[in-house]
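User: I would like to go through this structure by question and answer, beginning with the chain as a whole.

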Amino acid sequence: MQDRPVAEVRTTCPYCGVGCGVLAKVAANSEVTIRGDPDHPANFGRLCSKGAALGETMGLDGRLLHPEIGGRRAGWDEALDLVASRFSETVAEHGPDAVAFYVSGQLLTEDYYVANKLMKGFIGSGNIDTNSRLCMASSVAGHRRAFGEDVVPGVYADFEEADLIVLVGSNTAWCHPVLYQRMLAARKARGTKIVVIDPRRTATAEECDLHLPLDPGTDVLLFNGLLAHLARRGAVDDDYVATHTNGFAEALALANADAPSVEDVARGCGLRAADLQAFFDAFAATPRTVTVYSQGVNQSAHGTDKVNAILNCHLASGRIGRPGAGPFSVTGQPNAMGGREVGGLANQLAAHMNFDVPADIDRVARFWNAPDIARRPGLKAVDLFRAIGDGKVKALWIMGTNPAASMPDANRVRAALKACDFVVASDVTRTDTTGFADVLLPAAAWGEKEGTVTNSERRMSRQRAFLPLPGEVRADWRIVCDVARRMGFGDAFRFDGPAAILREHAALSAFENEGGRQFDIGHLADIDDDHYRDLEPRLWPARAGGNPERLFSDGRFATPDGRARFVAVRQEGPALPVTADRPLVLNTGRMRDQWHTMTRTGRVPRLAANAPEPAVDLHPRDALANGLRDGDLARIETRFGFARARVRTSDGQRPGHAFLPMHWSGRFAALSGAGALSSPVTDAFSGQPELKHVPARIAREAVAWQAVLLTRRDLRPTGFVHWSRQAVVGGWSYVLTGTETPDQGILLARALLPAMGESLVEYRDRHGLNYRAAMLDGAGSLAEALMVAPVGHLPDAAWLTSLLGSPEPLSMSERRALLSGRAPEAGPSIGRVVCACFNVGVNQLADAAQSGCRSLDAIGQALGAGTNCGSCRSEIRRIVDAYPAQAAE
């Protein structure tokens, strides 16, 4: 009987803040297929490499399926009773501020809402913060200072209507590739110009019309210079400024003092004056200008000032709330916006109400019937973990995030978690953090849960379940409500499903809201379960007679007097300057095909194939100065910790600067995490830590041997100077290395092999420097392979890797060739994967280029590469340029 597929389910991607619509289909054999939703207004059918691979992340390997207490399996009642009693006892003995929640932009809005309500409304502490603190908190603070409320004024359609798009601190081609494709489409259709302001020559910069590689941290100076230039050029909209804003004179005066001329700004930012002048002139002359900014702006000790420097320029030119014009903060997580809406940050209440407005506290208390509501903000993320380490916070519940890897000064965070009296973790899988938990609670994953998310343009979309809950897994909202009831707050948490939670959330947004708060989804307060099930993507606000798209189009803002506020800002120096001892500036950020700490994407072979090992990017000049070459293992040190990674030289790096991806956690590599190196110094307004500028030094690790282990087993090697692993078809590829002599390295690596008796075949050379081993399973297929050699002498493992992924028994010639590592008959290899969407490798691209495919369009027609999300386009172009066409014979 043939497998019979079920109908497709409309849902939303769980990765970045673009909020792409996804169609998921589950066959009768449980195979999940994914495609973009052509009717969703965020993506119109496009997906990035990560979204396209979602169907490959749905297995149960590594999943938490049952509650655990102290490492042993437990029942839900026992686990929930323990959580509730320990939190209640801690509050009774030490007060409400002795407990905390640390939550995630991966939660759905309904999950977020009940967690915030429990902590702030009924436990009575502001101590709930979110990993969005590391992502967008500076935008939140900047929006509030300028607009009176945390809102993004524009919509994605503005990218298609703009004549100039300015990308600031945003590698959009990798981090938000679907949006970047919309921008490139606008350039092709209407000639839109794209300016990239970024210290690195990223994939985004390689596709733009003008790249301004400014010195890290000088954004305020650049945009102060732009503000002063607008005034000098007569490009200020004087009527708009006079009618709709306050504080312009003060902001301009400080900008003039900070940036007296284009030459001064160029010198201070490390730019060519002619390039800066071209940008200033283009901005002044182009009414339809959108400025898109992201983590390069936010993740800074001065991030809020950077945000306001950008907003000042849009307010001065009146370019806000108009088609094709406005500042646009793009978020990094699928529901960072939803979390901000419900009050998931420690300094917020709920529904865009705030602790610094007494009437807001009273309003939320009355709505929730919560007389013991928190009256002051709680601890922001960095301060929260510092308080845990100091013993002030004694009970912590972590939901859907991995702070042991992702927080700055991660070693200190781990020490705090280890010392904390009581730690609860709700998650879908084991992480670096779950190892510190006294209680583990198995939470529903994407594809299993129901709720809503809000994307970067304020568009609410549904996540829908298309798979049953496995094992004893429960939805986050239910887990929180179950604990709340056990703590004695049952009357406030009698929700029968996520629709009921959304109804209350929507009602709160409209409660005593006469237009003073932009966030208003009151039209959903009476939605029934059937309409909730079928809820279509929609922008907020949606008041009767109002404009549900661009905000502030009428010039009225969410401040007490209805006017936007200019914020006078000035350029400040780095929080931690470089020194003779630490002369490099270390920057962190995303890789193209990975997500957060890789708990989902790290298990997908095609997403691991482009960047299989941790790598630190250096300018060739810095590599030479430090005695480093491509492929060397390097040790990177800051005052907070150290990490190891392979050296990768790149002309796209500024001299004196290094870049280390944020993703590598202890589940995928030994001591390669950026969190251990990152600075806990925070922005004074937002509490967001400085993740883009930390002084560092780098040196070569004197390793003597290296090994590759191919296995079906999920291992965590110990005793090695360095290891990392890559998901491959059929299992894992481990790269191991050490400082011992090669013969000692062989003993260490060989200890990783299982005891399989007669199925083991092995070889060691007469000098004891090279070792090979292989094991077959009962069907004659490759189950294990190990190769050990001195550094630089390890054979390519591509053929053995292909055997691990094949269920077919090996032929006699293949068995004889196993220990050589070379195929008995040479065959084509695709090489390192460049296009993850279509699994196209560098060798295929080189062959196509030499065969006459000399453009991106030609490559796309021949191989498909670069035609989906487009995030590989710049790399494809470099390959084409590097392999000239061969002359016809």
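User: Among contacts between residues at least 6 apart in sequence, what percentage joins residues at least 24 apart?
Analyst: The model is a predicted one. The count takes contacts in the protein chain between residues at least 6 apart in sequence. Of these, the share that joins residues at least 24 apart is 71%.

User: What is the radius of gyration of the protein chain, and how does the globule rule bear on it?
Analyst: The chain contains 30 helices and 34 strands. For 889 residues the globule rule gives 29 Å, and the chain's value is close to that, so the chain is as compact as a globular protein of that length. The radius of gyration is 27 Å.

User: Which residues have the most contacts inside the largest nonpolar core?
Analyst: Buried residues make up 62% of the 889 residues in the chain. The largest nonpolar core has 121 residues, and its largest share, eight residues, comes from helix α3 (residues 109-123). Apart from this core lies another, of 39 residues, including Y15 and I194. In the largest core, the residues with the most contacts are F87, F101, I197, L222, F279 and W397.

User: Which residues does F279 contact, leaving aside its neighbours within four places in sequence?
Analyst: F279 is listed with those that have the most contacts inside the largest core. With the neighbours within four places set aside, its contacts are V166, V195, I197, L210, L212, L222 and L226.

User: How many residues apart in sequence are the parts tied together by the pair F147 and F557?
Analyst: A search of the whole structure finds 24 aromatic pairs. F147 and F557 form a stacked one, 5.9 Å centre to centre with 20° between the planes, and both residues are buried. F147 lies in helix α4 (residues 137-147) and F557 in the loop between β19 (538-539) and β20 (564-565), so the pair ties together parts whose separation in sequence is 410 residues.

User: Within what arc do the buried residues of α19 fall?
Analyst: In helix α19 (residues 410-419) the buried residues are A410, V413, A416 and L417. They line one face of the helix, because, seen down its axis, they fall within an arc of 115°.

User: Against which elements do the buried residues of α19 pack?
Analyst: The face of α19 turned away from its buried side carries the exposed residues K418 and A419. The buried residues of α19 pack against α17 (381-389), β14 (395-399), α18 (403-406) and β15 (422-427).

Note on methods. Residues numbered from 1 in each chain as written. Predicted model: local features only at pLDDT ≥ 70, side-chain atom pairs only at ≥ 80, totals over all residues. Heavy atoms only, no water. Buried < 20%, exposed > 50% of the residue type's maximum accessible area, 1.4 Å probe, protein only. Helix = DSSP H or I, 4+ residues; strand = E, 2+ residues; numbered from the N terminus. Arc of directions from axis to C-beta. Contact = heavy atoms within 4.5 Å. Phe/Tyr/Trp six-rings, centres within 6.5 Å; stacked < 30°, edge-to-face > 60°. Core = buried A, V, L, I, M, F, W, Y, C linked by side-chain atoms within 4.5 Å. Rg over C-alpha atoms; globule rule 2.2 N^0.38 Å.
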